[in-house]
There are 2 protein chains.
Amino acid sequence: MSQLNVHLHQPHINRAAFDQYLPYLQSLVAKKDEKSTHLYLLPELFLAGYPPMDLCFDPDYQNCMQKLLKELDSFFQSLASNHHFLIGALEYSEQGLFNSLLYARGGEHGRFIYRKESLPNYDIFDEKRYYQKGENQRAQIEIEDFKIGLLICEDLWAAIPTNRWSHDLDLIASFNASPYHLSKGQQRIARVQELHQKTNLTPIAYVNSVCAQDELIFDGASFLMENKQIQVLKSFQADGLCYQLNKQDQKKVYADCPAHPRLKSASVTEVLSDLQCEELLQALCFGLQEYAQQCGFQKFLIGLSGGIDSGVVAAIARLSLKDCQHIEAVYLPSQFSSSLSLSLAQTLSQALDIELKHFPIKFLHSTLQREISQYYGEKLEGLSDENIQSRLRGLLLMTRANQTGAMLLNTSNRSELAVGYSTLYGDSIGALSVIGDLYKTEVYQLAHYMNRKYGLIIPQEMIDREPSAELRPDQKDSDSLPNYQELDLLLERIHNCEHSLEKLVELGHQRETVIQVKNLVHKAQFKRQQFCPILKIKGQSFGLGHRMPISSAWNLK
Amino acid sequence: MSQLNVHLHQPHINRAAFDQYLPYLQSLVAKKDEKSTHLYLLPELFLAGYPPMDLCFDPDYQNCMQKLLKELDSFFQSLASNHHFLIGALEYSEQGLFNSLLYARGGEHGRFIYRKESLPNYDIFDEKRYYQKGENQRAQIEIEDFKIGLLICEDLWAAIPTNRWSHDLDLIASFNASPYHLSKGQQRIARVQELHQKTNLTPIAYVNSVCAQDELIFDGASFLMENKQIQVLKSFQADGLCYQLNKQDQKKVYADCPAHPRLKSASVTEVLSDLQCEELLQALCFGLQEYAQQCGFQKFLIGLSGGIDSGVVAAIARLSLKDCQHIEAVYLPSQFSSSLSLSLAQTLSQALDIELKHFPIKFLHSTLQREISQYYGEKLEGLSDENIQSRLRGLLLMTRANQTGAMLLNTSNRSELAVGYSTLYGDSIGALSVIGDLYKTEVYQLAHYMNRKYGLIIPQEMIDREPSAELRPDQKDSDSLPNYQELDLLLERIHNCEHSLEKLVELGHQRETVIQVKNLVHKAQFKRQQFCPILKIKGQSFGLGHRMPISSAWNLK
């Protein structure tokens, strides 16, 4: 046999719905040429979804998984022998739990043939919490005459033991559940190119998942690399391709492929290109929709302030909207809200064709002020009074969300989250943070991009006006914080832990500013602890991958 | 030399205050007999605090640590040579970061001599995220003529390579930052007894930290085991002891000491003994105070409902209160609150000598109802209206906390947290959850115990009345949930992942109840995501050690 049809698949199915797996696999083999040999490649932990987290400890979950494997096994046995599957799956074994590859050939029982060797345990990854390290006798499989080298996700980024492969591989198959961050696609391709070179141009199939779970987005964008050429599948949606692999019997020279340094996303110092903005927009729309659909929401609710953050979140939600879905916006002005805010909220809603409700909180705010002041015999002022406005809005939005069964969208940006410039149980509420991984300066860039692409959907004045929480007269963000251009750069440098105080001063930041900002970031941890999931679009983000103490926080002096 | 003074120390100092370390160590050597030889043992990661979490990646934190080590080094060099230190410390080295032991002798430079070998990466532990695995040439040190075997925390629970020690050890020193859970002290002692036996009665010094960080409590309770006798230090406070170790030159037979199974805490099926209740009470008081003091709070605020949960939290806070501190309680009745609730809140406050404010929310609630109903043209009812009451209380409590600079105490119990029987941004708010790791049935037991110990501080009717959220007429918890006796047992069994559905049915639970409750637990993850830290007093708890997805949550059918 001299040809193998290799099918790269990145299906988009609900990983929690165990009854969807069999029909999906059945659909793959349907109408396939029965004279050819087919190999179907499906992503890392396709049977389970990634990451299953502590669910994998649940005995009922484990039973369901075993039951599923049995069902699939009957299916595999019912097939003709020209069908071959390599599927990422959870392997419960006597030696413990493994992140493995299931191999099945038509007419035979499925069997686990490879266990992931490099278990990432940094950033958002906790694989050493769950899985035993694979110690595989072989890192390749023969299908008919074809020799296929195997890698599961992190295995690709660690030092790759090319010397463990026979040096006449026909294909390298890399199975992934690789969480998205900005420009990660290029980084994956660059890494695979490196391996392609080191293995004397052996073809490589990179298969990635399409789904999202809470903050994590898996973007697909699987690809095939052959003879330095690359064919990329779609991002953020199901896709597949069939590659006709031809047998080549020549022995090749493989070079060592050392480990790749830890990935980083684009920096805030770079201006985002249109391509990057488009990618971000797609990622955020996809992540938002995945969360909503998996949690069963058909309605979105958003509080518009007339500011840029809620404007951009509304635009993203609107762009992501499916036919069956609905979005409602509420503008909740206090006595400190400017008339400009109202008109901008209205203009935005019209441009986006979103229903806008206008619910002034002045009366309720003053009623609360009066009742509280009278009760405690103290005038309510300063931060306490500012927070009341924000929390009253929170209460009204949550009530509306409860009434309509809507998912309340959080509108915080990353700069605010970092320094704690928000009110706990006030503007910090919501089911999901859509732009919480974007610095303020990046929110502006995304707004500009959306306007370039879709016409003026974000009013220009919303972009141009000075940021304000509008919780007291003439309040400006810049009263409390450095300008966002400087703040965002500093915040990113602090988050990435690359530079010490001394180095940051050398780079041009004021010493007092660094100390102030860094201590604000530490102090705001108590707010982030109680925050919703943040769609992750950066290499290093708040959320799962950022683990800091609240009490006994160390401060820079 | 035939005698070594071994000093076990469990100091209680703020780990974040790097300037406290040197004065503390200076205080140790002061007034010590200069003719004797002294060995000071200090807990795991004493220099850093456990766990430093992602702080250890911060270059400024690392610089501070290096600076501290230099300062301490000067101090060590200034001392006479009869002083020896073994101190748990972070070791930044060219091979990476290690959880190590620093050895210093008077007149010499300090040096790292042992690196933790067993890195726990389960439950609340993420050590493989931070530390490299120690690969020590030797697991013992000689101080004068004394041979001392070394273990850092998890090393004690893993298989202990007694064959790597010379079989004439004079002492085994175990350095720990062992998080508290109920009855853990006995489990530690049992394990050390096992090692004591296996090493032919070699004396063992078990040194543990005293501190708390967010949900984690480190209880001290260090101990010395010699010739089957045990001397235990205090729990939840600084303490120390000096042990005169005598040289014994006989060679002994050591047996293998296999790994110990994963620890569990007492089960809800057991009635808590007075000793256990006392231990719990001390743990909660300590954890609460540590959080408050490290975050700089001198005032506590609590919303009393007249129910058992807020009553018990108020009692715990009151019992923990320091002279300089103040506690304020607010009773915030709605139209559905019974007169019994008011009288119970009053009786409790009097018994506890806590100031009680009485702030009816009926007017504000009806104002909100009217405004919202009028605005949306829909009658406000059902869950939306119930939640408004809870969120209005939340808003009023947070406003008061902002006004007075108080720390708002959360009053949720573990049963509620598990099934999501609470209002997000309502009764779920607060800086710290005091009893969130206690099931409802355990809250009652603690109430009974406190009454036995302190007289009737929790009114008997508060214990006897049927639990209700009082958010609609005649509402009872039992309308929505199984009775707490059954629920709690089931919740614990579900949490511990010991039994499948089939097994739980065999154990006497209704199939429908198991499915209902298990799915409630999964579904409530979105509320727990936005919850404050929960003082951990169980082996398996919500919080850091419980990692579940929100979206794409798998459900039992």
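Tutor: Copies are superposed by least squares on the C-alpha atoms of residues with pLDDT of at least 70 in both. pLDDT is the predictor's confidence in each residue, from 0 to 100. This is a predicted model, where local features need pLDDT of at least 70, side-chain atom pairs count only at 80 or more, and totals for chains, interfaces and linings use all residues. Residues are numbered from 1 along each chain as written, and chains are lettered from A, ligands numbered from 1, in the order written.

Student: Which residue of chain B comes closest to the rotation axis?

Tutor: B:Gln530, with its C-alpha at 1.9 Å.

Student: How do you know how the two copies are related?

Tutor: Chain B is laid on chain A by a turn of 180 degrees and a shift of 0.0 Å along the axis, with an RMSD of 0.0 Å. The copies are therefore related as by a two-fold rotation axis. Both use the same surface: 100% of the contact residues of chain B recur in chain A. Contact means C-beta atoms, placed from the backbone, within 7 Å.

Student: Why are H9(A) and H10(A) called oblique to each other?

Tutor: H9 (residues 362-376) and H10 (residues 382-404) of chain A pack at about 130 degrees, their axes 10 Å apart. Under 35 degrees is roughly parallel, over 145 roughly antiparallel, 65 to 115 roughly perpendicular, and the rest oblique. H9(A) and H10(A) are therefore oblique.

Student: What makes the contact of H9(A) with H10(A)?

Tutor: A:Leu364, A:His365, A:Leu368 and A:Gln369 of H9(A), with A:Asp385, A:Ile388, A:Gln389 and A:Leu392 of H10(A).

Methods
Two residues are in contact if their C-beta atoms, placed from the backbone, lie within 7 Å. Axes are lines fitted to C-alpha atoms, for helices over the stretch in contact, and angles run from 0 to 180 degrees between N-to-C directions. Helices (H or I, at least four residues) and strands (E, at least two) are DSSP runs, numbered from the N terminus.
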